[in-house]
Amino acid sequence: QVQLVESGGGLVQPGGSLRLSCAPAGTIFSIDAMGWHRQAPGEQRELVAAITPGIGTNYADSVKGRFTISRDNAKNAVYLQMNSLKPEDTAVYYCSALVRSSRYAAPKTYWGQGTQVTVSS
């Protein structure tokens, strides 16, 4: 089993910044894609940003130029730097990871427990 532990959410004023972190724990052979998603009340969960080794990064149009996803391969951790935050960025943010538990195991997606980000004055 793999657990993804998130941190870094909170309350911030419009225009402010936050940095989310996500680190996995458990039996891990390798991690392929990692990403951040968010879900606002009454809305569907949406992809915010993803990072894949050998491919690069992709972002939702709504966060391009403001958010940056990065990865520390030594720690298997993923980060989301969020700048110029807007009230519409308010949501629960979830990290995800596509994990192989052994060389021949099929990859499986795991999710973090979510961290609340609230942008409000």
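Select Lys 64 and Asp 61 to begin: both residues are exposed. Their side chains meet in a salt bridge, with 3.1 Å from N to O. The model on display is a predicted one. Side chains of opposite charge can pair when their charged atoms come close. The count of salt bridges in this model comes to five.

**The salt-bridge network**

Next, select Arg 38, Glu 46, Arg 66 and Asp 89, which are linked in a network of salt bridges. Centre the view on Arg 38 and display its partners. Glu 46 forms a salt bridge with Arg 38, and the closest N and O atoms are 2.7 Å apart. Glu 46 counts as partly exposed because its relative accessibility is 34%. Arg 38, by contrast, has a relative accessible area of 6% and is therefore buried.

Turn now to Asp 89, which also forms a salt bridge with Arg 38; here the closest N and O atoms are 3.0 Å apart.

**The nonpolar core**

Select Trp 36, Val 48, Phe 67, Val 78, Leu 80, Met 82 and Tyr 93. These are the residues with the most contacts inside the largest nonpolar core, which has 28 residues. Colour the strands to see where the core residues come from: β1, β3, β4 (30-39), β5 (46-52), β7, β8 (77-82), β9 (91-100) and β11 (115-119) each give two or more. The largest share, five residues, comes from β9. In soluble globular proteins, nonpolar side chains tend to be buried together.

Keep Tyr 93 selected and display its surroundings. Among the residues that Tyr 93 touches, leaving aside those up to four places away in sequence, are Trp 36, Val 48, Phe 67, Leu 80 and Met 82.

Zoom in on β1 and β3 (residues 18-26), which pair in the antiparallel sense over six bridges. Which residue in β3 is the bridge partner of Leu 4? The partner is Pro 24.

How values were computed:
Residues are numbered from 1 along each chain as its sequence is written. This is a predicted model: local features need pLDDT of at least 70, side-chain atom pairs count only at pLDDT 80 or more; totals for chains, interfaces and linings use all residues. Side-chain values use heavy atoms; hydrogens and water are left out. Two strands pair if DSSP finds at least two bridges between them. Helices (H or I, at least four residues) and strands (E, at least two) are DSSP runs, numbered from the N terminus. A nonpolar core is a set of buried Ala, Val, Leu, Ile, Met, Phe, Trp, Tyr and Cys residues joined through side-chain atoms within 4.5 Å. Buried means under 20% relative accessible area, exposed over 50%, partly exposed in between (1.4 Å probe, protein chains only). Contact means heavy atoms within 4.5 Å. A salt bridge is a side-chain nitrogen of Lys or Arg within 4 Å of a carboxyl oxygen of Asp or Glu.
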